[in-house]
Amino acid sequence: MHKLSIFTALVVTAVTHGQASAQSIPNRDKLEEIVVTSSRVPMPLREIGTTVSVITQEEISQLGFVSLADVMRTQPGVSVSNKGGPGGVTSMSIRGESGFRTLMLLDGIDISDTTSPQIGPRVEQLLSSGVQRVEILQGPQGLMYGAGAGGVVNITTLAPTEGLGGQLSAQGGRYGTSQFAGNVNGGNDTVDFNLSAADYKTDGFNARTDDTVLRDDDGYENTTVHGRFGWNASDNLRIGLSVHDIDAKNDYDNCFNTVDFSRTDSCKDKYQMQAWRVQGDYEIGRFNHQLFYSDSDTDKDFSADSVSFFKPKGGLERGGYLGSFTGSEALKLVYGVDLESESLDDGTFDTDRDQEGYYLEYQGGFNQSLYVTAGARYDDNEDFGTHTSYRVSGAYLIDLSGGELKLKGTYGSGFRAPSLYEIAYNRGDFAQPPALDTELSEEKSEGYDLGLSWSNASGLYLEAVYFDQTVSDEILFDPDPLRASGYLQNKGDTKSSGVELVAQAPLLDTLSVTSNYTYNDTENVDGSDRVFRPKQLANLGLTWQPLADRLALALFVRMARDAKGIEGEDLDNYEVVSLTASFNVVKGLDVFGRVENLLDEDYEEVPGFRTSGTAAYAGLRYTF
């Protein structure tokens, strides 16, 4: 049987058996789930016209992956390309758009790396430990965030709880891998806190296929600390503080030493990020007010044969105000101001710039069945002037077959100003014609999606979404290797369109299935396929919890097909199977394990870079 047909058959089975077991499952209607990312205020999924996928703490634990990128790639429309395992350069694409066109927030902090050429998050440096929830908002979202075409990823770390408690865990396995993690939290009516930390190490494997001389393993280390603190100053006022620290280093191949500039495979990349955010939330009557300020600093150090050769530093500060007014079901306003300052100093370029943003969105609900939003955002960039973004959305609900059918649609636009590095490079000593003569302007994006979903109280959920989006005037580095003149700008549109299908269902009281399938057709300006974007992506998860919930078993399958490389070559099609298990020994103590790439699939996501073979891991987790 064709492997895609297997996925289809399993989804149909999930729906059929899910309906049969509906009466024995507690109420868990997915459309009642509350999300905050769509409009920066809490809203149930049933009332939003945008497409948002959610990953909960329970799902993160079931998946078992150490890397948050591996967790996120299980969602519809999300693809990941990794160069050489943990810590290797990783690109995450949402609906075919590059990661640097996606805004990534960690407890509300923009964690974009301003030292990178296009200013994007270093997703390979994010561990799943300490993360409580991830919301992924897809499509152009210039209205609320000023982001580009790739959407928004909103990561929330563990929240404080009442009383005093916590968790400790240790695990290890193949490739000399170990992780020690823990968190402690507590609170009362006045103050609360949560501190979490993880220390991850792996010897890794020889990442590059052309490393035939040194043949060393490319290891990775990461120590991550998260902290959240809250003070309820009064019944109406809460002050919150979030702090984050990531200290990581990665071995990689193919750099050049500082003596004779010869190639070496003894290379290191050290990465440090310190970030914090403070905010005050005040509620009075029909109004909610929030003031916030965040700061994120990035320091990197690249070395060859133990000699440092590149030490860039960057910073990103954001502050502003977010407010909302609720007049009635038919009248709610969300409005705010964003102030942003970014900086870059890499020893050659030392530059910074500011940007201001102002936005307003109207939200209206009618007869508890029709919900609409409409809004605009005005940005003023120090280098590129003003830009206006828009978004409209709608959701219409119909009672159908013992559940609720939602018809939804959204249209949005956005923009991305050329990065500090792109501007500085074209104006610097390294640039040559034609890049030297190119005056870069902002990229513009727009897109829409149309979808329908159906859910009921048993936990059965079905969704289908069609999306279409474009990026105009794409900025790219000169593709001619003999010229490599700098950054150029295509005149025309790069495109991405396709379909996302989602099915989630309880098969039995103790057995459930989740699945999704994405078809994504991407085009460059010249009509060729965009590189490293699989046309077909699919994920399947089966979770079984017998023995009165003491034992949990889960099987996960990930498929990618029909991706192209830089030279237009066909990349590997692959199906990767993972298995996880957890057993509660006594109250508070669990033994857990997982096997990644269970069938030892041999494939490359990026040509010339190996991926992990079959790898088993096991550990202990104590909750108090």
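## Aromatic contacts in a predicted model

Lys-30 lies over the face of Tyr-461, 5.5 Å from the ring centre; a charge counts as over a ring if NZ of Lys or CZ of Arg is within 6 Å of the ring centre and within 35 degrees of the ring normal. The model is predicted, so local features need pLDDT of at least 70 and side-chain atom pairs count only at pLDDT 80 or more, while totals for chains, interfaces and linings use all residues. Residues are numbered from 1 along each chain as its sequence is written, and side-chain values use heavy atoms, with hydrogens and water left out.

The structure holds 17 aromatic pairs. Rings of Phe, Tyr and Trp (its six-membered ring) pair if their centres lie within 6.5 Å; planes under 30 degrees apart count as stacked, over 60 as edge-to-face and the rest as tilted. Two of the pairs are tabulated.

| Pair | Centre to centre | Angle between planes | Class |
|---|---|---|---|
| Tyr-425 and Tyr-487 | 5.9 Å | 90 degrees | edge-to-face |
| Tyr-448 and Tyr-466 | 6.2 Å | 50 degrees | tilted |

Tyr-425 belongs to helix α5 (residues 420-427) and Tyr-487 to strand β29 (residues 487-489), so their pair ties together parts 62 residues apart in sequence. Helices (H or I, at least four residues) and strands (E, at least two) are DSSP runs, numbered from the N terminus. Tyr-425 and Tyr-487 are both buried, meaning under 20% relative accessible area, with exposed over 50% and partly exposed in between (1.4 Å probe, protein chains only). One aromatic cluster is formed by Phe-349, Tyr-421, Tyr-425, Phe-430, Phe-477 and Tyr-487.

Tyr-448 is in strand β26 (residues 443-455) and Tyr-466 in strand β27 (residues 461-472), so this pair ties together parts 18 residues apart in sequence. Tyr-448 is partly exposed at 35% relative accessibility, and Tyr-466 is partly exposed at 33%.
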